Amino acid sequence: MTGSPTVRRRRLAAALRRLREQTGMTADQAAKEVGISKSALSRIENAQVSVMPPVARGLLDLYGVEGDEIDALVQVARDARKRGWWQAYDDVLPDWFEVYVGLEAEASEIRAFQPQLIPGLLQTADYARAVVRAEHPDSPDNEIERRVELRMRRQSNESPPNLWVVLDEAVLRRPVGGAATFKAQLHRLAEEADRPGNTVQILTFAAGEYGSMGSAFSLLAFPEPADPGVVYVETRAGSLYLEGQQVREYTRVFEHLVATAAGARRSRDLIREAINQL
């Protein structure tokens with residue numbers, strides 16, 4: 001498989017943690033057996049770092065894995081250490097967002113709620129440029145362009161995920177980048193809403209209050225059963241990656257937003273109405 005090394009690292013981390021727990025070993029015991037620190041094993045099991053293939057093999061041997069299974073998992077460890085295309089943008093890509101780009105690159109479905117902005121995967125270059133410049137007002141032009149280039153590169157996935165996006169109506173009213181840029185962006189949004197595999201819904205002002213007001217989030221799902229879903233929540237200073245029960249909680253919130261928002265057909269009409277008003 002030639003997918004995201006970020007996803008491979010996450011898959012291997014989950015497998016190593018599960019195998020250790022099945023043996024009844026503590027992290028301290030396992031780490032001592034293979035000659036690494038407990039903190040190093042913790043970072044491996046939490047997918048914070050890639051594991052060297054020899055260390056991966058030592059852990060797998062310790063946990064009683066044999067034959068084809070051990071070879072397959074060691075290969076995952078090798079794949080997890082490869083560079084993703086996004087690492088060429090290390091100059092403008094913070095570590096906390098690099099993880100998201102790696103997950104996004106292999107997601108099969110992304111469900112996202114945005115109360116203020118068009119999501120990055122649906123932005124035009126001019127809209128993205130206005131957003132990036134507002135977020136980084138002191139950055140030089142060349143850095144702004146690098147960030148925009150990264151955002152556009154994220155949209156060129158050969159196997160793009162299905163997108164289900166719920167947007168607050170405020171997104172259709174805030175003229176980011178000026179009238180011409182904003183109008184072109186709404187045209188792009190209308191095109192994406194018609195694209196097979198995509199769903200765009202507008203949560204109208206008339207809906208009143210709703211859950212998660214003012215708090216954007218994304219739910220990412222992956223094609224392989226070994227890769228569980230994840231919730232991504234971004235803040236100004238970093239991001240959160242949530243799994244397990246929290247994925248189920250955010251899924252319920254998203255389902256409520258879907259039920260509260262206008263249907264897909266009516267939402268397309270609302271986007272076109274907003275275009276005609278510019």
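Me: At what angle do helix 1 and helix 6 pack?
Reply: This is a predicted model. In it, helix 1 (residues 5-23) and helix 6 pack at an angle of about 95°. Their axes are 7 Å apart.

Me: Roughly parallel or roughly perpendicular, then?
Reply: Helix 1 is roughly perpendicular to helix 6, because angles of 65 to 115 degrees count that way.

Me: Which residues make the contact?
Reply: Helix 1 gives Thr6, Val7, Arg9 and Arg10. Helix 6 gives Val99, Gly102 and Leu103.

Me: And by class?
Reply: Three are nonpolar, two polar and two charged.

Me: New topic. How many cavities of 30 Å³ or more are there?
Reply: The structure has one.

Me: How much space lies in the largest cavity?
Reply: About 40 Å³.

Me: What lines the largest cavity?
Reply: Arg9, Leu12, Ala13, Leu16, Ile44, Val49, Ser50 and Val51. Helix 1 provides the largest share, four residues. Six of the lining residues are nonpolar, one is polar and one is charged.

Me: What about the largest pocket, what's its volume?
Reply: About 1,000 Å³.

Me: Which residues are closest to its centre?
Reply: Phe97, Glu135, Arg151, Tyr232 and Glu234, out of the 39 residues that line the largest pocket.

Me: Which elements give two or more residues to that lining?
Reply: Among them are helix 6 (95-104), helix 7 (125-135) and helix 8 (141-154). Strands do too, including strand 1 (109-114) and strand 5 (230-234).

Me: How do the pocket's lining residues divide by class?
Reply: 23 are nonpolar, nine polar and seven charged.

Key:
Residues numbered from 1 in each chain as written. Predicted model: local features only at pLDDT ≥ 70, side-chain atom pairs only at ≥ 80, totals over all residues. Heavy atoms only, no water. 1 Å grid on protein atoms, 1.4 Å probe; cavity = no way out; pocket = protein on both sides within 12 Å on 5 of 7 lines; lining within 4 Å. Points joined across faces, edges and corners; volume = space filled by probe spheres on them. Nonpolar A, V, L, I, M, F, W, Y, C, P; charged D, E, K, R; others polar. Axes fitted to C-alpha atoms, helices over the stretch in contact; angles between N-to-C directions. Parallel < 35°, antiparallel > 145°, perpendicular 65-115°, else oblique. Contact = heavy atoms within 4.5 Å.
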